[in-house]
Amino acid sequence: EKEDVIDALVTFMENLDPKDMQNTTNWGWNRSSDPCTTKWQGVTCDTGNQTVQKIVLEQLNLSGTLDFESVCEETSLLSLSLKYNNLSGSLPPEISNCKRLRHLYLSGNRFSGNLPDSLTDLANLKRIDISNNEFSGKLPDMSRITGLLSFFAQNNHFTGQLPNFNYRQLEDFDVSNNGFSGRIPDDTGGFGAKSFAGNPQLCGKELPNACPKKKKKNLNDFLIFSGYAILGLIVLVLIALLFLKKKERLEDAKIGSSKKGVKNTDDSGHSSESKNGVTRSEFSITSAENGGVSASLVVLSSPLEAVNGLRFEDLLRAPAELIGRGKHGSLYKVIPNGGIALVVKRIKDWEISRDEFKKRMQRIDQVKHPKVLPVVAYYCSKQEKLLVYEFQQNGSLLALLHGSQNGQTFDWGSRLNIACSIAEALAFMHAELQDDQLAHGNLKSSNILLTKDMEACMSEYGLMVVDNGCGSHSQKNNSVFNADVYAFGVILLELLTGKTVQNNGLDLVKWVNSVVKEEWTGEVVDKALVVEGASEERMVGLLQIGLKCINGSPPIGQVATMIVSLKEEEERSMASSGP
Ligand SMILES: Nc1ncnc2c1ncn2[C@@H]1O[C@H](COP(=O)(O)OP(=O)(O)OP(=O)(O)O)[C@@H](O)[C@H]1O
């Protein structure tokens with residue numbers, strides 16, 4: 001197999017047409033030597049498993065073509081740089097075989113034609129530089145490469161609309177001097193005119209060319225508008241209610257600030273200090289002139305600079321986009337003061353007293369776990385409960401499993417990691433919040449979000465608006481914690497089978513149970529995992545843990561330990577088997 005790779009690499013080099021390189025002393029590229037043990041010009045290997053990781057052939061006057069089919073035979077390739085040569089021809093779609101490629105530097109050549117769509121299948125790509133070539137046509141949908149940090153494509157002949165980019169995440173971006181047309185988004189993450197210059201048909205806020213006003217309202221505008229309208233309405237209703245309340249309960253109205261502990265649920269203060277030293281600022285919904293009002297936005301201390309000064313008015317003033325309407329309320333995306341994106345969960349019909357709600361939020365805030373998405377602020381009045389979280393641009397586990405996967409493979413290792421992270425986080429939370437009887441209460445794949453580093457974290461811990469009384473699993477296990485373990489079992493089945501959950505997971509559980517009874521365990525798992533060659537032994541191991549969670553409600557701590565050891569086994573076997 002190693003011979004095949006060496007053969008392919010030499011073919012790749014021959015296609016680059018290295019005229020005088022063969023005469024150089026360090027050339028080295030030939031079929032009778034090994035790129036990692038003998039020195040091949042421009043090649044760097046992994047010292048551990050002796051595979052080629054980097055190929056850098058810059059300014060060598062190479063004048064042939066780029067044969068991705070051959071070079072991608074070395075599947076462990078991380079970086080390829082062919083800057084400043086004289087290479088031509090188009091990029092073949094086989095580029096997508098270089099699955100682990102992170103850096104692709106091709107600037108300063110004469111490459112032409114379209115970029116292949118399959119480029120965006122490379123989920124690990126971080127930096128692309130194709131500037132100063134003769135590329136043309138439309139760019140593929142670059143937002144599919146979720147981790148992209150640099151994109152240089154200046155000085156080419158690209159045309160058409162710019163595709164979506166995750167501008168906020170990009171560190172470098174330049175598409176100047178091409179033939180792009182259409183409008184650029186209002187929010188380009190700080191990239192200004194310079195990055196887009198020299199495209200006379202581009203228009204946008206950042207550019208000298210302002211766009212003509214849009215006439216037709218599109219769906220997006222409608223959503224934003226309805227978001228505004230609904231939030232506006234909430235405010236009006238709230239203010240009206242607060243005035244009524246103020247009249248009735250004048251004795252409650254106090255202005256000023258007070259020091260208080262966590263247990264103290266007097267909520268008229270403007271700033272307070274909790275027992276554990278966490279500073280909180282509270283802002284009345286109306287200003288102090290209106291007298292003390294008891295409903296207020298509590299901003300929990302947050303590592304996010306932008307959130308610390310957040311005021312309720314900022315939330316109200318910011319454009320709100322309705323992004324979901326779940327069983328328990330609606331979810332809006334807001335970007336207060338044009339800063340960091342937040343989501344506001346508005347919970348409807350929650351029979352919980354204000355004191356109870358505050359106590360619960362403060363208690364949950366004290367118990368921090370890196371894999372539990374913290375509430376950055378909450379708002380609570382009798383009628384209205386709002387929770388504010390940081391927006392997670394990489395979406396949820398549900399979307400990753402069942403939505404458009406953007407062509408990325410969701411491999412076994414990542415699935416096992418997610419299972420492990422969530423189990424550990426849940427075990428930690430259950431242990432800390434045992435006495436308070438605070439469980440997650442609504443654990444499901446749409447409440448497992450992916451952070452910008454694609455780490456899983458649990459959202460909406462402790463909402464527990466759910467019906468604890470009915471539903472078949474809670475008859476058997478009446479504790480709130482057991483319900484979480486059951487729900488976690490369903491998530492494990494989802495991870496393994498790739499199937500959607502319906503009917504609170506009952507359908508999936510029934511199906512898996514019936515297949516397992518017939519001992520066709522292998523049939524249960526997601527085809528993608530089988531194709532990938534994931535270890536059957538460990539997949540069956542995880543399946544058994546999932547079924548245990550569903551049928552036996554073991555303590556989550558035990559479940560976490562089992563998954564951790566499964567993951568360690570996986571890591572050991574990866575380390576010993578090599579590539
Ligand atoms: N902080 C967040 N950042 C990004 N997306 C989020 C965030 N929180 C939730 N979402 C996503 O928004 C969508 C709507 O969420 P929402 O919580 O309203 O619905 P749900 O989870 O389906 O139902 P439920 O009301 O039972 O929680 C879901 O797909 C969810 O994954």
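Helices α11 and α15 are roughly antiparallel to each other because their angle falls in the class over 145 degrees; under 35 degrees counts as roughly parallel, 65 to 115 as roughly perpendicular and the rest as oblique. The model is predicted, so local features need pLDDT of at least 70 and side-chain atom pairs count only at pLDDT 80 or more, while totals for chains, interfaces and linings use all residues. Residues are numbered from 1 along each chain as its sequence is written.

| Helix pair | Angle | Axes |
|---|---|---|
| α11 (480-497) and α15 (536-552) | about 150 degrees | 7 Å apart |
| α9 (412-432) and α11 | roughly 175 degrees | within 11 Å |

Axes are lines fitted to C-alpha atoms, for helices over the stretch in contact, and angles run from 0 to 180 degrees between N-to-C directions. Helices (H or I, at least four residues) and strands (E, at least two) are DSSP runs, numbered from the N terminus.

The crossing of α11 past α15 is left-handed (the near helix is turned anticlockwise from the far one by less than a right angle; clockwise would be right-handed). On α11 the contact involves residues including V485, Y486 and F488, and on α15 residues including M539, L542 and L543; contact requires C-beta atoms, placed from the backbone, within 7 Å. This contact holds 14 nonpolar, two polar and no charged residues. Ala, Val, Leu, Ile, Met, Phe, Trp, Tyr, Cys and Pro count as nonpolar, Asp, Glu, Lys and Arg as charged, and the others, Gly among them, as polar.

Helices α9 and α11 are likewise roughly antiparallel to each other. R415, I418, A419, I422, A423, L426 and H430 of α9 meet F481, D484, F488, I491, L492 and L495 of α11. Here the division is ten nonpolar, one polar and two charged.

The ligand is surrounded by 19 residues, the closest being G324, G326, L331, Q392 and S396 (near means a C-beta atom, placed from the backbone, within 6 Å). This shell divides into six nonpolar, ten polar and three charged residues. Strands β17 (320-326), β18 (329-334) and β19 (342-347) each supply at least two of its residues, and β17 gives the most, with three.

Methods
Two residues are in contact if their C-beta atoms, placed from the backbone, lie within 7 Å.
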